[in-house]
Amino acid sequence: MSSHSGPSADSTGGTSASGAAGSPELPVEARGQRPVWSRDFALFFVARAVARLGDTMLPVALATGLLQHGYGVGAVGLAMASTVAAFAGLVVFGGVIADRFDTRKLMIGADLVRLGTQALAAVLFYSGHVVLWQVCAIGFANGIAGAVFQPGVASTVPRLASDIQGVNGAIRIAESAAQLGGPAAAGLLVGFASPGGVFAAHAATYAVSALCLLLLRLPPLAPDSGPTGHGGSAFRADLVEGWREFRSRTWLWGVIAIWCVYMIAVWGPSVPLVATEVVQQHGPRAYGLVNSALGAGTVVGGLLALRLRPRRMLRAGAVSLFLFAGFPASVGAGLGVPAMAVGAAFAGAGMSFWGVMWATSVQTQVPPDVLNRIHAYDVAGSLAMMPVGQALAGPAASALGADRVLLVAGVVSLVIPVALLVVPAIRDLVRADVPPAGPGVRATPERECPQPG
């Protein structure tokens with residue numbers, strides 16, 4: 001799932017026909033077993049890692065640049081919110097578009113748009129002519145491009161290798177490592193150059209991502225058997241079909257519903273309150289250490305996801321989420337920096353392992369012709385409640401105290417995996433792909449009701 005990560009929290013091949021709506025993949029058996037590490041996976045791996053590196057550099061550049069030009073914290077929040085609002089509001093429509101057209105070309109186009117917008121931002125900050133509405137407009141355009149890009153990630157992963165879990169685990173490790181290095185790299189660039197230099201570097205990451213996607217050569221799609229209609233009515237029909245497919249799977253919408261509670265009560269308030277509490281009590285260096293421990297933990301979680309192959313993936317992922325409770329609870333309890341760093345490391349490992357289990361379940365249980373739309377609903381549902389939790393963090397901290405809010409978040413962190421494990425459709429979902437060491441025939445996905453047509 002997407003965390004924003006949060007946890008955070010991702011195409012069709014160059015020889016495939018463009019514009020094929022709802023084109024199903026060839027089954028794994030027809031393609032043969034393909035290893036994870038191949039030329040195409042290496043390209044996608046670099047594209048995701050470099051893009052993630054740039055994304056983690058952006059908040060530092062945005063905050064530093066706006067503050068240097070006389071704007072306050074509210075302006076920084078508004079600029080960041082413009083991107084999130086556009087992305088969250090349009091990603092479902094991006095999923096429909098991705099299921100109707102060549103997702104690889106859409107992803108390249110989205111990268112090129114963001115290359116242009118971030119290059120424009122670099123010019124603005126280098127010139128010293130920084131106007132807030134222009135920065136927000138650039139952020140909004142980035143959000144639209146991201147909404148077109150993100151759904152295609154889900155359908156690209158199954159085309160990279162037979163071992164879908166291995167692909168997700170490796171990508172999670174790459175993104176986590178990039179998240180560790182991004183803020184530090186941004187700080188160096190701001191110090192030696194200016195915020196404009198960070199925006200220029202961010203634009204370059206999109207150029208690298210677009211080039212890698214351009215060089216991808218993936219197995220061709222099977223002959224089109226999906227809807228071929230065009231126009232507004234067909235678009236609405238695709239949107240309705242995606243919602244019907246989403247709603248027909250209890251394990252899918254059940255996880256999203258529970259995750260909305262998680263975002264409001266745990267992740268949303270934890271991000272700003274942990275930062276505030278640690279910086280005020282121990283200083284910015286301590287917060288950097290805790291944040292680095294969180295990132296290191298996500299790398300460990302990704303490595304575990306490469307090794308462990310549970311038959312019931314969502315059950316195993318839910319169990320790993322118990323590890324997150326120590327992060328907000330250790331800060332809320334006023335423990336020392338080493339204890340908070342340990343709690344953050346365990347939290348990162350648990351969240352990362354869950355993310356791989358969830359992403360692999362969605363990509364293997366959902367039919368390819370609706371996968372992009374389902375992934376878009378997943379991302380939208382996961383992201384929608386995070387701003388609510390962040391907005392409520394301040395009033396809750398004023399009324400109860402930040403430490404108590406974080407302790408409550410720690411308790412809710414233990415309730416969330418219990419809720420996931422209580423739902424039979426989530427707890428008992430059997431993985432649809434067979435690990436490489438198992439039989440060569442891929443298992444049939446367990447679905448709760450017959451699929452349309």
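**View 1. Helix 9 passes helix 15 in a right-handed crossing.** A crossing is right-handed if the near helix is turned clockwise from the far one by less than a right angle, and left-handed if anticlockwise. The model is predicted: local features need pLDDT of at least 70, side-chain atom pairs count only at pLDDT 80 or more, and totals for chains, interfaces and linings use all residues. Residues are numbered from 1 along each chain as its sequence is written, and side-chain values use heavy atoms, with hydrogens and water left out. Helix 15 covers residues 386–400, and its axis lies 7 Å from that of helix 9, at an angle of about 65°. Helix 9 is therefore roughly perpendicular to helix 15 (65 to 115 degrees; under 35 counts as roughly parallel, over 145 as roughly antiparallel and the rest as oblique). Axes are lines fitted to C-alpha atoms, for helices over the stretch in contact, and angles run from 0 to 180 degrees between N-to-C directions. Helices are DSSP runs (H or I, at least four residues), numbered from the N terminus.

**View 2. Valine 274 is found in helix 9.** Its relative accessible area is 2%, so valine 274 is buried (under 20% relative accessible area; exposed is over 50% and partly exposed in between, with a 1.4 Å probe and protein chains only). Valine 290 is 16 residues away along the chain, and the C-alpha atoms of valine 274 and valine 290 are separated by 9.6 Å.

**View 3. The largest nonpolar core has 59 residues.** Such a core is a set of buried Ala, Val, Leu, Ile, Met, Phe, Trp, Tyr and Cys residues joined through side-chain atoms within 4.5 Å. Trp354, Trp358 and Leu420 have the most contacts inside this largest core. Helix 9 (residues 250–282) gives the most to the core, with 14 residues. Another core, of 22 residues, lies apart from it and has Ile108, Phe149, Leu160 and Cys212 among its members.

**View 4. Helix 13 is largely enclosed by the rest of the structure, because 24 of its 29 residues are buried.** Helix 13 runs over residues 337–365, and at 1.5 Å a residue it should span 42 Å; its end C-alpha atoms are 42 Å apart, which agrees. The expected span is 1.5 Å times one less than the number of residues.

**View 5. Helix 2 (residues 39–68) packs with helix 7 (residues 195–214) at an angle of about 160°.** Their axes are 8 Å apart. That angle makes helix 2 roughly antiparallel to helix 7. The crossing of the pair is left-handed. In the contact of helix 2 with helix 7 there are 18 nonpolar, seven polar and one charged residues (Ala, Val, Leu, Ile, Met, Phe, Trp, Tyr, Cys and Pro count as nonpolar, Asp, Glu, Lys and Arg as charged, and the others, Gly among them, as polar).

**View 6. Helix 2 passes helix 6 in a right-handed crossing.** Helix 6 covers residues 164–192, and the axes of helix 2 and helix 6 come within 7 Å and cross at roughly 35°. The contact of helix 2 with helix 6 has 16 nonpolar, six polar and three charged residues.

**View 7. Arginine 217 lies in the loop between helix 7 and helix 8 (232–247).** Its relative accessibility is 45%, so arginine 217 counts as partly exposed. Arginine 217 and phenylalanine 41 are 176 residues apart in sequence, while their C-alpha atoms are 9.8 Å apart in space.

Conventions
Helices (H or I, at least four residues) and strands (E, at least two) are DSSP runs, numbered from the N terminus.
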